[in-house]
Amino acid sequence: MALSKYERRERLRMRIRKTVSGTESRPRLAVFRSNKEIYAQIIDDVNGKTITAASSRDKDIDASKVNKVEAAKLVGKAIAEKAVKAGVDTISFDRGGYLYHGRVKSLAEGAREGGLKF
C-alpha cells in the first residue's frame, strides 16, 4: 500500500532527526514549510529551548511583497541575524523531511549569507 505524502514526509523527518540533534554549542535550525508560509527555529534539544525563530509572517518580511522563494531567503537572513545576536554561529540544519530544493534551499542560503555556518 502506498504511503500518503504526509506519512512519507514524517518517515523522512524521523530518519533525519535520528542523526541531527541540537546542542548548546551547535543548535538545530528546524524548517517548517506550509503552502503559503515558511518558518524557521533555532533549537537547543538538550535543554529543550527554542533560542530564536523567524517566519515569512514577520511584519518586515510580509511587508516586502516578494514571492515565496525570495521570502524564504529573507527568513534565512532574519534567523541568522537573530542567532548571531544570541551568540550562535554554527548550526545543524534540519530540513524537516522536505527536499533540499526551492524554498528550503533558499532559506539555507539566506542563513549562510547572514553569517551562520552549517
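What share of the 118 residues in the protein chain is buried? I looked that up and got 37%. Buried here means under 20% relative accessible area, exposed means over 50%, and partly exposed lies in between (1.4 Å probe, protein chains only).

**Ground rules**

I noted that this is a predicted model, where local features need pLDDT of at least 70 and side-chain atom pairs count only at pLDDT 80 or more, while totals for chains, interfaces and linings use all residues. Residues are numbered from 1 along each chain as its sequence is written, and side-chain values use heavy atoms, leaving out hydrogens and water.

**Overall layout**

I found four helices and four strands in the protein chain. These are DSSP runs numbered from the N terminus: helices are H or I with at least four residues, strands are E with at least two. Along the sequence the pattern reads α-β-β-β-α-α-β-α.

Next I traced the strands. They make an open sheet of four in the order β3-β2-β1-β4, with mixed pairing. Two strands pair if DSSP finds at least two bridges between them. At the edges sit β3 (49–55) and β4 (92–94), each pairing on one side only. Neighbouring strands are turned by 20° against each other on average, direction ignored. For such angles, axes are lines fitted to C-alpha atoms, for helices over the stretch in contact, and the angles run from 0 to 180 degrees between N-to-C directions.

I then looked at single pairs. β1 (residues 28–33) and β2 (residues 38–44) are antiparallel over six bridges, and Arg33 stands opposite Ile38. β2 and β3 are also antiparallel over six bridges, with Asp44 opposite Lys49. Those two strands form a hairpin with four residues between them, and Gly48 in the turn has a positive phi of about 70°.

**The core**

Which residues touch the most other members of the largest nonpolar core? I got Leu29, Ile42, Val75, Phe93, Leu107 and Leu116, out of 23 residues. A nonpolar core is a set of buried Ala, Val, Leu, Ile, Met, Phe, Trp, Tyr and Cys residues joined through side-chain atoms within 4.5 Å. α3 gives the most to this core, with seven residues.

**Helix α4**

The buried residues of α4 include Val104, Leu107 and Ala111, and its buried residues pack against β1, β2, α3 and β4. I followed Leu107: leaving aside neighbours within four places in sequence, its contacts include Leu29, Val31, Ile38, Val75 and Phe93. Just after α4, Gly115 takes a positive phi of about 115°.

Last, I picked Ala86, in the loop between α3 (68–85) and β4. Is Ala86 buried, exposed or partly exposed? Its relative accessibility is 45%, so Ala86 counts as partly exposed. Ala86 and Thr52 are 34 residues apart in sequence, and I noted 7.9 Å between their C-alpha atoms.

How values were computed. Contact = heavy atoms within 4.5 Å.
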